Amino acid sequence: MNLAYPTFLTMVAFAALSCSRGSEKSPELIEANRLHLEAMKISQQLEQKLDSLMPLAKNDLEKSQIDSLQKLIEVWEDNVIEVPGFAHAHEHEAHSHEHKAAPPMTDESMLDYQRQSREAIFELQETIAKLDSLQK
């Protein structure tokens with residue numbers, strides 16, 4: 001009996017199983033991606049808000065504050081790490097940039113990173129809301 005054919009079939013089956021398992025996304029990565037997309041949407045809204053506030057600035061101090069906040073958002077965006085295994089398409093009218101590929105980390109670490117990233121953009125959102133309310 002020729003064992004080459006059954007051995008080959010077994011190897012193909014194992015390869016198919018390992019590939020299919022690798023494409024499944026853990027609940028942590030799915031949540032990390034949701035947080036990432038939410039944070040990216042907020043950053044786009046904040047960029048638009050700051051662009052609309054700049055012409056309304058009453059003095060150099062307000063212009064400087066808006067400019068500083070725009071730079072902080074750019075720094076935040078430059079440090080965004082995409083969640084591996086998810087396709088991303090982000091549109092930025094003001095400037096173009098690339099997101100960093102994720103360094104090797106566990107799914108739990110990626111989720112924690114995305115939580116912290118979202119928290120950082122929330123803090124910028126609160127600061128911009130305060131600036132906006134002062135201008136009214």
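1. Start with Q70 and D51: their side chains make a polar contact of 3.1 Å. (A polar contact is a pair of N or O atoms within 3.5 Å; within protein, one must be able to donate a hydrogen and the other to accept it, and residues adjacent in sequence count only if both atoms are side-chain atoms.) You'll find Q70 in helix 3, residues 60-78. Setting aside neighbours within four places in sequence, Q70 is in contact with L50, D51 and M54, where contact means heavy atoms within 4.5 Å.

2. Before you go on, remember that this is a predicted model: local features need pLDDT of at least 70, side-chain atom pairs count only at pLDDT 80 or more, and totals for chains, interfaces and linings use all residues. Residues are numbered from 1 along each chain as its sequence is written, and side-chain values use heavy atoms, with hydrogens and water left out.

3. How far can you trust it? The pLDDT, which is the predictor's confidence in each residue from 0 to 100, averages 82 over the chain, and 74% of the residues score at least 70. Confidence is lowest in helix 1 (residues 4-23), with a mean of 45, and highest in helix 2 (residues 27-53), at 97.

4. Now the overall plan. The chain has four helices and zero strands. (Helices, H or I of at least four residues, and strands, E of at least two, are DSSP runs numbered from the N terminus.) Of the contacts with a separation of 6 or more, 73% are between residues 24 or more positions apart. Of the 136 residues, 30% count as buried, meaning under 20% relative accessible area, with exposed over 50% and partly exposed in between (1.4 Å probe, protein chains only).

5. Which helices do the buried residues of helix 4 pack against? They pack against helix 2 and helix 3. Helix 4 (residues 107-135) has 29 residues and reaches 42 Å from its first C-alpha to its last, close to the 42 Å expected; the expected span is 1.5 Å times one less than the number of residues. Its buried residues include M110, Q114, I121, I128 and D132.

6. Next, the largest nonpolar core. (That's a set of buried Ala, Val, Leu, Ile, Met, Phe, Trp, Tyr and Cys residues joined through side-chain atoms within 4.5 Å.) Of its 16 residues, L46, L50, I121 and I128 touch the most other members. Helix 2, helix 3 and helix 4 each give two or more residues to this core, and helix 2 gives the most, with six.

7. Is E77 buried or exposed? This helix 3 residue is buried, with a relative accessible area of 0%. The side chains of E77 and S43 are joined by a polar contact of 3.5 Å.

8. Finally, look at K100, in the loop between helix 3 and helix 4. K100 counts as partly exposed because its relative accessibility is 41%. Not counting residues up to four places away in sequence, K100 touches D78, N79, V80, I81 and E82.
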